[in-house]
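Here is a briefing on aromatic contacts. Have the sequence and the 3D view ready.

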Amino acid sequence: MPRHTESRALPYTREQMFDLVADVGRYAEFLPWVIAVRVRSNSASEMVADLIVGFKSLRETFTSRVDKHRPEAIRVDYVEGPLKYLHNDWKFRPAPGGCVVDFHVDFAFRNRVFEMIAGQMFDRALMRMIGAFEERAAVLYGTGLSDASGMSSASAPKAA
């Protein structure tokens, strides 16, 4: 049962990081292994979305409920797909020069073969995905808070 907790200080506001994480509909543009996304429903406080994830010849669809508490937290809970369960929490805390992002993920596959494969690759895959969020923030907001604060509201991404 892969599980990971991490905190990262980033040079962006918590609102910017919240918007980036909450924009699930754009995950296929930057997250590795996410092939497509279908947002079933979306409001200011909750989203239900399907992510199609693929690696080589494997393809799986995951449905998740995303609870949004702007700008403090996002909680993702598994609805259906190949997992036993999935819990993913993002917390965004203000900090000097930006924010601290607290990230926690805990999941288990139903299929023991997938579980074994995930266990062997989990750390590398997770670091690649966390890196993809950081790279996306740099693309959207610049390389730091001073770049980001100069953005016009028209160029800022909107939560999906």
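A residue counts as buried when its relative accessible area is under 20%. At 2% relative accessibility, Tyr141 is therefore buried. The model is predicted. Seven aromatic pairs turn up in a search of the whole structure.

**Tyr12 and Tyr141**
- Tyr12 and Tyr141 make a tilted aromatic pair, with 5.9 Å centre to centre and 50° between the planes.
- Distant parts of the chain are linked by this pair, as its members are 129 residues apart.
- Tyr12 lies in the loop between strand 1 (3-10) and helix 1 (14-22).
- Tyr141 belongs to helix 2 (residues 112-141).
- Tyr12 has a relative accessible area of 5%, so Tyr12 is buried.

**Phe30 and Phe133**
- Phe30 and Phe133 form an edge-to-face pair. Their centres are 5.3 Å apart, with 80° between the planes.
- This pair, too, links distant parts of the chain, 103 residues apart.
- Phe30 is in the loop between helix 1 and strand 2 (34-42), while Phe133 is in helix 2.
- Phe30 is buried because its relative accessible area is 16%, under the 20% limit.
- Phe133 has 8% relative accessibility, so Phe133 counts as buried.

**A ring cluster**
- Ring pairs join Phe30 and Phe133 with Tyr27, Trp90 and Phe103 in a cluster.

**A charge over a ring**
- The charged end of Arg128 sits over the ring of Trp33. The distance to the ring centre is 4.8 Å.

Note on methods: Residues are numbered from 1 along each chain as its sequence is written. This is a predicted model: local features need pLDDT of at least 70, side-chain atom pairs count only at pLDDT 80 or more; totals for chains, interfaces and linings use all residues. Side-chain values use heavy atoms; hydrogens and water are left out. Rings of Phe, Tyr and Trp (its six-membered ring) pair if their centres lie within 6.5 Å; planes under 30 degrees apart count as stacked, over 60 as edge-to-face and the rest as tilted. Helices (H or I, at least four residues) and strands (E, at least two) are DSSP runs, numbered from the N terminus. Buried means under 20% relative accessible area, exposed over 50%, partly exposed in between (1.4 Å probe, protein chains only). A charge sits over a ring if NZ of Lys or CZ of Arg is within 6 Å of the ring centre and within 35 degrees of the ring normal.
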